[in-house]
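Q: Hi! Could you walk me through this protein while I have it open on my screen?
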Amino acid sequence: MPAGTAAGAVPETGSLDALARALLDTASLTRVVPEPVRVAPAGPFPGGTPSARALLDRVTGALGLPELAVVPEPGPLPAAELAVSRRLALRPPPGGTPGGDLLGDVARRALAAFPGRPVVVPAHDGTPLRCWAAGPEGAPAVAVVSACGMPAGLAVKWMAALSSTHRVVTWESRGLFAGDDGSGLGELTGHSLGVQGDDLLAVLDGFGIPGAHAMGLCGGAAIALSAAARSERITSLSLWHGDYELGDGAPKTAHQRDMESLLAMAARGRRQAAGMHRLMSRPSTLEALRPDIAHYLIHPYATPELLYRYGLLNGAIMSTDCRPLLTAGRPALVVTSAEDSTAHPAGSEYVAAHLPRAELRTLPEGDHLTAFDAGSELVVLARQFLCDVTTKDRKGP
């Protein structure tokens, strides 16, 4: 789980459109929890719990999402359900429960909102990957490789920032997300770093993209390195606050060491993962998570099965030595910050020093999670690098 402070504002809520967007934003959780997710209203609700339930039933039905249960108070809720409740911030809509026509319009707007609905692309071993694409189809391509186990919503700000000039694609980690059709998680057929690097290439295949810049964030940086070492279709790299295993080449933070231990224990078996899940479901788990993105960060811990699979997938990312992957001779931008207490900046410094054509940028401020915020300074940096490598590609060697 990427660590971070309680910065950032909780998304605005209150209108029907905001409720519909919030329901879609939390759908990765509501689809994967085996029982109906329980939510508590944000305040008094005219008509009480039955009225709140009736509203949710109508909106989730219009959106094609699982039904939710309503409880009067958030006190008894575990961390994942509490995160959903906070994101929904359920309040009575202005004008009362909507009619069918209005509700249909709300659902259509929500479902059409950027970046749209996912496209399912098969991985090279047949595993279905939930993918998104935005931007002109003929533009230079960027593959956003997000942190393992994080819903696509965490990458949307980068997709929006880059899609005016690039074809931007992203996907969600194999085996950790249920399909929109209620098909469940499916089988986890492979979990190595190499397999996850191949998933990046499969996403390019699915969208008919011959080559792309790979933008890796957190553990996604290791996946991007793996893909670049395996294929020249990765034409350039940007690696943001990367989480790398580098042996004795670079130290790790306390957070990295703790996460490796947690993931190793969860990956030992489903019984061990179930025991850890009980501990991590406590409401206090949310105290260390940014309230605006807590519903993303909690996803791989939402059920024992998810935690077991996350232990395998992210455990492979965090434990596989990246030093043999530092051979790709493509242009690379490596970005870190002295304030990152999640992924040690020394790892990025090592990677930049050993990649043949890398440039290191150590920013004066910004914690680990701000890399996902696509702030103006980071967007300018990314766009300038993409412009430089695109210009050089057009001119040729």
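Predicted model: local features only at pLDDT ≥ 70, side-chain atom pairs only at ≥ 80, totals over all residues.

Q: Thanks! How many helices and strands does the protein have?
A: There are 14 helices and 10 strands. The radius of gyration is 21 Å, close to the 21 Å that the globule rule gives for 397 residues, so the protein is as compact as a globular protein of that length.

Q: And what does the C-alpha trace span along its principal axes?
A: About 70 × 45 × 40 Å.

Q: What share of the residues is buried?
A: Buried residues account for 55% of the 397. As for the accessible surface, it comes to about 16000 Å², and 54% of that belongs to carbon and sulfur atoms.

Q: Switching to helices: at what angle do the axes of H9 and H10 cross?
A: Roughly 130 degrees, with the axes coming within 8 Å. The two helices, H9 and H10, are therefore oblique to each other.

Q: Which residues make that contact?
A: From H9 you have Leu 262, Met 265 and Ala 266, and from H10 there are Gln 272, Ala 273, Met 276 and Met 280. By type, that is 6 nonpolar, 1 polar and no charged.

Q: New topic, Glu 81: is that residue buried or exposed?
A: Glu 81 is buried, because its relative accessible area is 7%, and buried means under 20%. You'll find Glu 81 in helix H4, residues 79-88.

Q: What is Glu 81 in contact with, leaving aside neighbours within four places in sequence?
A: Glu 81 contacts Pro 36, Val 37 and Arg 38.

Key: Residues numbered from 1 in each chain as written. Heavy atoms only, no water. Helix = DSSP H or I, 4+ residues; strand = E, 2+ residues; numbered from the N terminus. Buried < 20%, exposed > 50% of the residue type's maximum accessible area, 1.4 Å probe, protein only. Contact = heavy atoms within 4.5 Å. Axes fitted to C-alpha atoms, helices over the stretch in contact; angles between N-to-C directions. Parallel < 35°, antiparallel > 145°, perpendicular 65-115°, else oblique. Nonpolar A, V, L, I, M, F, W, Y, C, P; charged D, E, K, R; others polar. Rg over C-alpha atoms; globule rule 2.2 N^0.38 Å. Areas by Shrake-Rupley, 256 points an atom, 1.4 Å probe, with all protein chains shown as cover.
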